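Hello,

Here is the structure for you to look over. My notes follow below it.

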Amino acid sequence: MRTPLIAGNWKMNGSAALIESFGKTFASAALPANIDVVVIPPFPYLDAARHAFSNTPLQLGAQTLNPHHSGAHTGEVSGSMLKEFGVAYVLVGHSERRQLYRESDEQVFDRLLAALDTGLTPILCVGETLEERDAGRTMDVVLRQVGYIMARLAPEQRLQIVIAYEPVWAIGTGRTATPEQAQEVMAGIRAYQAGFDASLAEQLKLLYGGSMNASNAAELLAQPDIDGGLVGGASLKTDDFYAICQSAG
Ligand code: PGA
């Protein structure tokens with residue numbers, strides 16, 4: 001059985017007040033048993049969040065990492081630094097990083113490997129643009145992104161990653177993929193993994209991301225191949241994020 005995972009990606013948003021509000025709400029939270037909830041704030045908030053969340057079930061994630069351990073990389077943050085500050089998960093290959101910061105598959109792979117090397121769980125983000133979907137290329141694009149990474153990992157490493165399917169046209173647009181659209185692609189990702197190893201396909205945790213909110217989460221999370229959500233905008237409102245976590249039980 002795959003444990004549901006709800007991750008809130010704050011992107012370049014958030015505040016000390018939001019951290020405090022999450023800490024208070026989730027300290028008294030009656031979350032469904034056996035679910036993982038991860039908050040992914042910008043770097044400067046990580047340490048404050050670690051303290052504010054110490055009496056809550058919330059775990060910490062980071063939005064990116066540099067592939068190097070340390071050194072002359074001004075402005076960058078390494079996996080070992082994140083680990084030292086209590087981070088358990090890290091996003092790699094988010095479409096905003098692929099598009100705005102031109103991260104290639106190769107760079108995404110290097111970051112993912114650095115995450116595994118430092119004992120962080122990478123959440124690999126993949127997804128097609130609207131143009132690619134309209135051209136009927138969704139499955140090709142998504143499986144190429146997944147395949148690039150999977151083909152380069154050792155069998156035991158493949159078991160240590162989480163994959164988030166995030167159609168680019170659904171991110172921050174209010175236009176969610178229908179549960180059927182999301183399920184179709186995610187079943188395809190899982191079937192593809194079976195080509196490596198049937199038990200990997202069974203164990204792999206798959207998240208949906210793209211305008212998931214308190215109203216549509218339950219229906220998306222009810223799909224057989226959707227094990228959780230990567231939530232952007234709705235993770236900036238404590239009550240909405242809490243409601244999404246409730247629907248993951
Ligand atoms: P969204 O963002 O929920 O605001 O669409 C999701 C994401 O980018 O991870």
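**Helix packing and the ligand site**

Helix α5 (residues 105-117) and α7 have axes that come within 10 Å and cross at roughly 50 degrees. That makes α5 oblique to α7, since angles from 65 to 115 would count as roughly perpendicular and those under 35 degrees as roughly parallel. The crossing of α5 past α7 is right-handed. Bear in mind that this is a predicted model.

Helix α7 (residues 138-150) also meets helix α9 (residues 179-194). Their axes come within 10 Å and cross at roughly 40 degrees. So α7 is oblique to α9 as well. Here too the crossing is right-handed, with α7 passing α9.

Now the ligand. Which residues come nearest? Of the 13 residues around the ligand, they are K11, H94, E166, G172 and S211. The shell divides into four nonpolar, seven polar and two charged residues.

- H94: a polar side-chain atom lies 2.7 Å from an oxygen atom of the ligand.
- G172: a polar backbone atom is 2.6 Å from an oxygen atom of the ligand.
- G233: a backbone N or O atom lies 2.8 Å from an oxygen atom of the ligand.

How much of the ligand does the protein cover? On its own, the ligand has 280 Å² of accessible area, and the protein covers 96% of that.

Best wishes

Terms used. Residues are numbered from 1 along each chain as its sequence is written. This is a predicted model: local features need pLDDT of at least 70, side-chain atom pairs count only at pLDDT 80 or more; totals for chains, interfaces and linings use all residues. Side-chain values use heavy atoms; hydrogens and water are left out. A residue is near a molecule or strand if one of its heavy atoms lies within 4 Å of it. A polar contact is a pair of N or O atoms within 3.5 Å; within protein, one must be able to donate a hydrogen and the other to accept it, and residues adjacent in sequence count only if both atoms are side-chain atoms. Accessible areas come from the Shrake-Rupley method with a 1.4 Å probe; for residues, only the protein chains shown count as cover. Ala, Val, Leu, Ile, Met, Phe, Trp, Tyr, Cys and Pro count as nonpolar, Asp, Glu, Lys and Arg as charged, and the others, Gly among them, as polar. Axes are lines fitted to C-alpha atoms, for helices over the stretch in contact, and angles run from 0 to 180 degrees between N-to-C directions. Helices (H or I, at least four residues) and strands (E, at least two) are DSSP runs, numbered from the N terminus. Angles under 35 degrees count as roughly parallel, over 145 as roughly antiparallel, 65 to 115 as roughly perpendicular and the rest as oblique. A crossing is left-handed if the near helix is turned anticlockwise from the far one by less than a right angle, and right-handed if clockwise.
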